[in-house]
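Biologist: Please show me the model, and then I will ask about it piece by piece.

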Amino acid sequence: MAATELRGVVGPGPAAIAAPGGGGTGPPVVGGGGGRGDSGPGSGAALGTVAAAAAGGPGPGAGGVAAAGPAPAPPPGGSGGSGAGGSGSAREGWLFKWTNYIKGYQRRWFVLSNGLLSYYRSKAEMRHTCRGTINLATANITVEDSCNFIISNGGAQTYHLKASSEVERQRWVTALELAKAKAVKMLAESDESGDEESVSQTDKTELQNTLRTLSSKVEDLSTCNDLIAKHGTALQRSLSELEALRLPAESNEKIKQVNERATLFRITSNAMINACRDFLMLAQTHSKKWQKSLQYERDQRIRLEETLEQLAKQHNHLERAFRGATVLPANTPGTAGSGKDQCCSGKGDMSDEDDENEFFDAPEIITMPENLGHKRTGSNISGASSDISLDEQYKHQLEETKKEKRTRIPYKPNYSLNLWSIMKNCIGKELSKIPMPVNFNEPLSMLQRLTEDLEYHELLDRAAKCENSLEQLCYVAAFTVSSYSTTVFRTSKPFNPLLGETFELDRLEENGYRSLCEQVSHHPPAAAHHAESKNGWTLRQEIKITSKFRGKYLSIMPLGSIHCIFHATGHHYTWKKVTTTVHNIIVGKLWIDQSGEIDIVNHKTGDKCNLKFVPYSYFSRDVARKVTGEVTDPSGKVHFALLGTWDEKMDCFKVQPVVGENGGDARQRGHEAEESRVLLWKRNPLPKNAENMYYFSELALTLNAWESGTAPTDSRLRPDQRLMENGRWDEANAEKQRLEEKQRLSRKKREAEAMKATEDGTPYDPYKALWFERKKDPVTKELTHIYRGGYWECKEKQDWTSCPDIF
């Protein structure tokens with residue numbers, strides 16, 4: 001499987017990565033190769049994180065697991081540690097590190113230095129390959145028993161370690177605690193001598209020049225202040241002399257007023273100079289701290305780029321070897337595992353654990369037929385499986401646009417892409433700020449993906465007819481879960497909308513609702529959505545997407561609240577979206593997970609529903625993608641229990657209290673609750689040949705179909721998206737670059753106008769959305785964009801003069 005394509009997803013939800021800790025026996029497999037890229041002693045300090053991803057285990061942990069069972073006993077040999085240096089905060093020696101349920105604890109050489117704990121397979125390996133590093137400044141150290149202890153930095157990295165004896169364990173823990181305290185202290189101090197060492201000579205010179213200029217300006221201000229004080233004293237003296245003269249009473253009153261104003265002026269000038277001095281002192285105090293933080297981030301970026309480049313090269317060799325190309329020496333006689341070791345060790349950055357084993361996670365995805373998944377073969381799914389050429393597909397598409405709905409789009413062509421050329425500039429950036437080619441996209445914009453939340457709008461129609469508010473809340477909860485069902489196979493990212501781009505979906509006649517989305521902000525990217533139905537409900541939301549690419553996985557975190565209002569009863573529900581994680585960005589089959597909790601609140605009655613999206617765990621016996629929930633009244637009493645998965649269906653159970661053994665109330669028993677089961681929602685099947693059409697649902701296939709009368713800013717008219725849908729990806733990439741450059745020029749023009757207005761002292765209005773107005777929400781008290789009206793009236797008149805030219 002070739003990692004020649006990076007594909008992110010920006011679905012209805014965003015993403016969190018879960019370390020496997022649920023279920024099973026023994027320590028979980030977490031962060032075995034871990035490390036944020038912190039350098040330790042040795043040249044390959046940052047290889048742990050990405051090297052672990054290359055070792056075949058595509059699951060949430062650093063290494064996969066074959067079976068759960070008791071951990072094997074440690075091999076003989078002891079873990080003895082020897083102090084390195086006499087400070088107590090630097091140490092090195094042997095410890096046993098938990099790897100997985102097959103190998104158990106393995107002997108590793110650990111080195112504690114400068115607040116970093118690094119480990120290697122052997123002492124000799126310190127010269128060339130570090131297996132992982134953890135920064136103690138942000139780590140927690142926990143003692144399990146007489147010989148075992150755990151070091152964790154909050155989930156991304158966790159080391160389960162065992163010493164040879166209780167005394168040895170205590171020595172290590174003491175050394176680690178001292179090193180952690182020292183690391184925390186060094187982070188907090190801004191004027192340590194080490195700060196200057198991390199700053200380059202150029203930066204130091206620039207900093208000194210800036211501070212020198214500030215000092216000079218403060219001295220000038222001080223001189224001016226002295227002159228003002230001098231002249232002010234002379235002025236007051238002259239005024240006092242005037243008061244001594246025999247002048248009319250009116251003149252004396254005027255002189256007193258002038259005297260008071262002169263005094264106030266002098267006081268104000270003194271306050272100004274004092275404020276300037278305080279500013280200079282703050283700049284001098286914090287400048288070193290800022291400079292150190294900036295340098296640290298620069299170093300981190302360089303280390304991560306080097307690490308990712310090595311991984312990309314290594315994976316390229318593995319991929320070509322897998323295809324049968326002769327790019328590596330033939331395996332020596334022995335097991336297949338030894339050959340894999342040779343393959344990895346040739347690059348010096350193989351995974352720490354599990355070189356001889358190949359593990360898999362997310363079996364429900366991996367066991368799918370190959371033609372139903374995204375193949376990692378240097379491109380997207382090939383259209384070769386179909387006998388229809390792109391031209392024929394395009395003709396068919398044009399025919400379908402004449403109909404009300406289309407049922408297919410041109411098949412996804414086979415395009416190769418150089419992975420490293422894109423990824424080396426992506427580490428640590430937000431997804432919206434990365435100039436990615438359309439090869440990673442699907443032919444829909446984020447506004448159209450947001451509109452897909454309405455695929456199961458009939459749930460809200462049914463909720464509007466409910467007389468019981470608790471039953472209504474069950475349907476709203478099912479609607480909330482249903483919006484994630486399209487993300488299971490959709491591993492390509494949508495187009496980032498241009499500022500001012502809109503998307504309308506008018507299904508008033510056939511489904512009773514119509515929807516409008518507008519991109520209201522570009523940095524950070526934010527889209528406002530308003531949908532109204534003649535069946536008695538309104539849905540509105542503003543979603544801001546924040547996303548980070550971390551090498552092994554992509555995290556997408558949407559911010560903002562979703563509102564659903566039912567007209568007949570006035571019930572107003574709000575909730576937020578959970579996080580989405582795209583796993584195996586570099587190595588293995590892409591798979592998506594949703595995790596977190598959603599609280600749906602009825603602000604009129606106080607009813608609540610808590611939904612829990614259970615993160616995937618290899619050790620859990622529960623069904624994958626599980627969602628559970630409880631519907632409670634204002635007193636906290638549970639009336640309904642919800643159970644299902646976010647990709648298939650949701651069921652509802654009525655909870656009736658029964659008398660317990662001691663006379664108190666108890667929950668309804670399982671077999672009795674089963675009788676009250678109600679199916680709330682079930683996912684619609686995918687269209688035929690969906691695997692060749694980006695796994696679009698029936699609704700998604702219709703979203704980009706051309707329609708007459710839409711606004712000139714509508715996503716259907718976006719040229720690069722249309723070219724990509726028609727299979728002309730090279731032209732689409734060129735057009736995408738043109739549109740982004742046009743957007744940058746528009747932003748620079750607005751910034752220049754704002755700067756000029758500031759200099760002239762004239763008022764300047766910042767960018768405002770066309771169809772939405774930013775104001776405080778009366779329920780959540782958040783600043784959000786709410787539909788101001790007018791779009792559908794303009795469409796009826798075909799008056800689009802207020803629309804900007806963005807395409």
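**Loops, cavities and salt bridges**

Biologist: Is Asn-689 buried, partly exposed or exposed?

Modeller: The relative accessible area of Asn-689 is 28%. Buried means under 20%, exposed means over 50%, and partly exposed lies in between, using a 1.4 Å probe and protein chains only. At 28%, therefore, Asn-689 is partly exposed.

Biologist: What kind of model is this?

Modeller: Residues are numbered from 1 along each chain as its sequence is written, and side-chain values use heavy atoms, with hydrogens and water left out. Local features need pLDDT of at least 70, side-chain atom pairs count only at pLDDT 80 or more, and totals for chains, interfaces and linings use all residues, the model being predicted.

Biologist: What is the phi of Asn-689?

Modeller: Most residues other than glycine have a negative phi. Asn-689 sits in the loop between β26 and α14 (698-703); helices (H or I, at least four residues) and strands (E, at least two) are DSSP runs numbered from the N terminus. Asn-689 is not a glycine, yet its phi is positive, at about 60°.

Biologist: In which loop is Asn-114 found?

Modeller: Asn-114 also has a positive phi, about 55°, although it is not a glycine. With a relative accessible area of 75%, Asn-114 counts as exposed. Its place is the loop between β3 (104-113) and β4 (116-120).

Biologist: Is the peptide bond from His-523 to Pro-524 cis or trans?

Modeller: Most peptide bonds are trans. Pro-524 is in the loop between β12 (513-521) and β13. The bond that leads from His-523 to Pro-524 has omega near 0°, and is cis.

Biologist: How many cavities of 30 Å³ or more does the structure have?

Modeller: Rolling a probe the size of a water molecule over the atoms shows where empty space is left. On a 1 Å grid over the protein atoms alone, a cavity is a set of points where a 1.4 Å probe fits but cannot get out. Grid points are joined across faces, edges and corners, and a volume is the space filled by probe spheres set on the points. The cavities of 30 Å³ or more found in the whole structure number nine.

Biologist: What is the volume of the second largest cavity?

Modeller: Its lining has 14 residues (those with an atom within 4 Å of a point), and those closest to its centre include Ser-485, Arg-683 and Ser-697. The volume of this second largest cavity is about 120 Å³.

Biologist: Which residue forms a salt bridge with Asp-647?

Modeller: Side chains of opposite charge can pair when their charged atoms come close. A salt bridge is a side-chain nitrogen of Lys or Arg within 4 Å of a carboxyl oxygen of Asp or Glu, and the whole structure has 32 of them. In the one asked about, the closest N and O atoms are 3.0 Å apart, and the partner of Asp-647 is Arg-625.

Biologist: How many residues apart in sequence are the parts tied together by Arg-677 and Asp-651?

Modeller: The closest N and O atoms of this salt bridge are 2.4 Å apart. Arg-677 is partly exposed at 35% relative accessibility, whereas Asp-651 is buried at 4%. Arg-677 lies in the loop between α13 (670-674) and β26 (678-682) and Asp-651 in strand β23, so the distance in sequence between the parts they tie together is 26 residues.

Technical notes:
On a 1 Å grid over the protein atoms alone, a cavity is a set of points where a 1.4 Å probe fits but cannot get out, and a pocket is an open set with protein on both sides within 12 Å along at least five of seven lines; lining residues have an atom within 4 Å of a point.
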